[in-house]
Amino acid sequence: MAASILRRSLLIPRCRAGDVAALHSGPSRRRAQAPEPIASGRRAGNCPAGERGVAPWVAVVGLEIHAQISSNSKLFSGSQVQFAAPPNSLVSFFDASLPGTLPALNRRCVEAAVMTGLALNCSINKKSLFDRKHYFYADLPAGYQITQQRLPVAVNGSLSYSLCVGGKKNQMVTRTVRIKQIQLEQDSGKSLHDDIRSQTLIDLNRAGVGLMEVVMEPDMSSGEEAAAAVRELQLILQTLGSSQAIMAEGQLRVDANVSVHHPGEAYGVRTEVKNINSARFLARAIDYEIQRQIKELENGGTVMNETRAFDYKLGCTIPMRDKEGKQDYRFMPEPNLPPLILYDTKSLPANTNHQQVVNIDWIRERLPDLPSVRRVKLVEQYGILPEHSFTLLNEDGLMEFFENVVRQTQMNPKKVIGWILNDMLGYLKQYNLKVKESPVSSLFLADLLNLLERGTISSSAANQLQVVPSAPSGSCPPVLLLLEPSLLLPTKPRNMPAASRSSVGPGQAGSLR
Amino acid sequence: MLRVSLREISAALKEGRVSPTELCQRCLSFIKATKFLNAYITIAEDTALKQAEESEERYRRGQILGDLDGIPVAVKDNFNTAGIETTCASNMLKGYIPPYSATVVQKLLDQGAVLLGKTNLDEFAMGSGSTDGIFGPVRNPWSYSRQYREKSVQNSHIENEDSNWLVTGGSSGGSAAAVSSFTCFAALGSDTGGSTRNPAAHCGVVGLKPTYGLISRHGLIPLVNSMDVPGILTRCVDDAAIVLGVLAGHDPKDSTTVQDPFKPFELTSFIDASKLCIGIPKEYHAPGLSSETLALWSKAADLFENAGAKVIEVSLPHTRYSIVCYHVLCTAEVASNMARFDGLEYGHRSSMDKSTEVMYAATRREGFNDVVRGRILSGNYFLLKQNYETYFIKAQKVRRLIANDFVNVFRNGIDVLLTPTTLSDTIPYVEFIKEDNRTRSAQDDIFTQAANMAGLPAITVPTALSEKGLPIGLQFIGRAFQEQQLLTVAKWFENQVKFPMIQLQGMMDHGHTICHHQKSAFFS
């Protein structure tokens, strides 16, 4: 049960039979090593290579993730950052690239990147540089994006994530993906294409918003792994507050580099899959692409180094319009920004204005507990299963809900977790509700579980009661609902005259007030 | 009255000998009278008069904002001026009215200065003649000076006088002409490879390029961000020091400005020359250096030596690579900086709108002249992945070597370097345009550019008239952020050489638009 909740919460669709994702249950691989054959893993039933007895295909997946930095103002200008503001209402002269304007780096964005770098076990570069990446696009007003191509702010980190494996998906494994780098860069504006009048409308509200590009090494081999890694990254960013990381609002955007090869051979030609705008489609897009490449190669074709977009309606990847053949971004150092210098307590010069410097140690000391630490604490403190701790963190607000209930009830947390994960969460999913939208408050559930614990009601009654509050007036405490005697367990004979209930008719209701 | 220095006119204003409005009106009429010089692209008559009236009110109340209050100034048309058209002498920005002012412009206005107008230049400051803008070439006021005309008659240079006018040099030729012809008391130029010092030398005025990072570039429409510096053009070194005092200092809007506070200074007339060490870079004996300029340069060195200074020949071995190195770095940044001119947000937009790409291409073809387009093409070539190492990285390394040459020289006790500013005096327009913009820029920036490569402060001081009766300037290059020392030396030198004032009676004879009563008013 727990495992299925976990899977569901990761929003990973089940693999179809023969989906190549099932192939890659082997250990995570490192690029530094020769690719380990993972023939020991299960093979897809309909993989032609397998049928012919050739070594099975291995997929290699790397991710480039753009996380929008949660900050009041943009990366290089003072304009406000806000989702869904009226078009072009948050545009400074710099954002519109008016001639003569210059960038001025937002300290908050640097701190967010350092914080994220530290949380992802990166080494923070005390000196990093900004570069211009050139391409013409209508929503890129300057004709270039300021990014960190040569020397990014953080490098060489790692991210551990867990997922369920095994035939019944009941075995939890932890894997690690290396983080190549985290770079600060500007977001672009948005182009809105009006096909009817064949014109493009430009909204520059997003232009210049700070992004952290997190580049993951190709250490993953399936959509499921990639989705789990992204989910963990999302949790970390949200815990740090460095990004709200809401995929639906475009605060977290994932591009996947995918290739396949035979074990022991060189990596195959990779494609880049873009437009993966929801967690739900991430695994599907990658798995589709892996499968597509294998089929292509099996049929004697070749994989082209190209950019493909995931079409979530068709459930497949399609080649993107090739703009100008191979893009040459003509990188150049950004001459208007001096090197970004960060300090630690040791290197901090005396008499510095603390408003003007970023101290890595200071940020490190103030890092909140990361999801992995929180999970361990949950397991230790409440004696729940590790899988349960994952579910508690994966659902926004569920951990707080759980802890509130535990605080207000005498029931053993191990039992509480079952009620929350099996019954309440199932109920929420059924109605497509988020934890915060739950009509069952933590207090309500705590009361209910107390009644259950005292033996006042049966578990099936409690179950039933949990559903009752979905009625519009459902905020009344369970004790009142217990006036419905059928739910009560017969602890001792109760002689409640039938009249005492039935005699309260509408006309006499007033006397009861 | 218009011929006096900024310092003198400031005193006159304070003493009430002239009112800001009167001064402004006089300058405006004189700008109109000298319209044929083509020094100004835009005359901001209405705002200037309004500013002058406000200044007058402040004088009346005895609450003036500073030394520049009521002083008419001009600004090169590649600095943004809120509400006043800013064109860069390009079709791309013709009609563009910026919503904000460059920091340096704002600082002038905050001091009460009166902005008369925007001065002419080469398109996007790319050139060394002020001949390649859409508003036509700037004419050097010295073309109409008595000094030049008398010599020309002797040498029978002027057969067809209308075609023999001289170029100002560039690209801040409009600013240099404006200061030289007494239409304003100070002007802003920009200096990327010599664009302030070159026209200053050709027009017989002082041109200061401060240390990179001392003055904000915010609002200066860039040519090469890593070398651009706002330049100051004035009639004398003291005036340059006053304007520098107003403009210098950290600007949060320009991250490349230094944080250290800048203390404005006044220059002393006295220097202890015996404590001074002047370096003469031997590599500046370049081919093409006119014998006159060379002679003047040695005379200047002798002047310092005779005053007790140590004058030492030094070597800047990598300066000879400066031009070719500059070509790569400049065009690369130009390619990048010009990418924003796509017709979408501002500026010219082509009516060809079949697709976004077609519109981009047509807009940029129609908006930029050949020089700009040529530099964009070369720059993009140098930045291509396959060329980046070979050209851009190599040029950056050479730039470092050029800068290190200066570091070495200054480390060995040299205080200030003395060099020519230009190869020779200026030449007629008809001669100038026999070579293309690129060749001219390469020749004309030869002595000035290395200071931009190294970010060092440099100033040209008008030194003497050539045989043709045209100004020749010499250049002093100082240590980074040592403007006070540099200007002190320059002022001492200025006092020694006693450069003659331009005599513009000749201009009146030119008889373009100037009527008699104006003539007597201005030259009495």
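**Folds, sheets and charges**

Mentor: Chain A has 15 helices and 16 strands. Keep in mind that this is a predicted model.

Trainee: How much of chain A is buried?
Mentor: 53% of its 513 residues count as buried. Chain A exposes about 24,200 Å², with carbon and sulfur atoms supplying 51% of that area.

Trainee: Which strands make up the open sheet of three?
Mentor: The order is β5-β4-β15 in chain A, with antiparallel pairing. The edges are β5 (144-147) and β15 (332-333), and each of them pairs on one side only.

Trainee: How many bridges join β4 to β5 there?
Mentor: Four, between β4(A), residues 131-134, and β5(A). R132(A) sits opposite I146(A) of β5(A).

Trainee: Switching to helices. Is α8 of chain A mostly covered or mostly open?
Mentor: Mostly covered: seven of the nine residues in 386-394 are buried. Among them are H388(A), F390(A) and L393(A).

Trainee: Now salt bridges. How many over all chains?
Mentor: The count comes to 42. One of them joins the side chains of K126(A) and D344(A), at 2.6 Å from N to O. K126(A) is in the loop between β2 and β3 of chain A, D344(A) in the loop between β16 and α6, and the two are 218 residues apart.

Trainee: Are those two buried or exposed?
Mentor: K126(A) is partly exposed, at 38% relative accessible area. D344(A) counts as buried, at 14%.

Trainee: What about D238 in chain B?
Mentor: D238(B) forms a salt bridge with K491(B), with the closest N and O atoms 3.0 Å apart. D238(B) belongs to helix α8 of chain B and K491(B) to helix α17, 253 residues apart. D238(B) is buried at 14% relative accessible area, and K491(B) is buried at 7%.

Trainee: And where do R373(B) and D370(B) sit relative to each other?
Mentor: Both are in helix α12 of chain B, three residues apart, so about one helical turn separates them. D370(B) is exposed, at 58%.

Trainee: Which backbone nitrogen lies 2.9 Å from a polar atom of its side chain?
Mentor: That of L344(B). Leaving aside neighbours within four places in sequence, D342(B) is in contact with P141(A), M359(B), Y360(B) and T363(B).

Technical notes: Residues numbered from 1 in each chain as written. Chains lettered and ligands numbered in written order. Predicted model: local features only at pLDDT ≥ 70, side-chain atom pairs only at ≥ 80, totals over all residues. Heavy atoms only, no water. Buried < 20%, exposed > 50% of the residue type's maximum accessible area, 1.4 Å probe, protein only. Areas by Shrake-Rupley, 256 points an atom, 1.4 Å probe, with all protein chains shown as cover. Pairing = 2+ DSSP bridges. Polar contact = N/O pair within 3.5 Å; in protein donor to acceptor, adjacent residues only side chain to side chain. Contact = heavy atoms within 4.5 Å. Salt bridge = Lys/Arg side-chain N within 4 Å of Asp/Glu carboxyl O.
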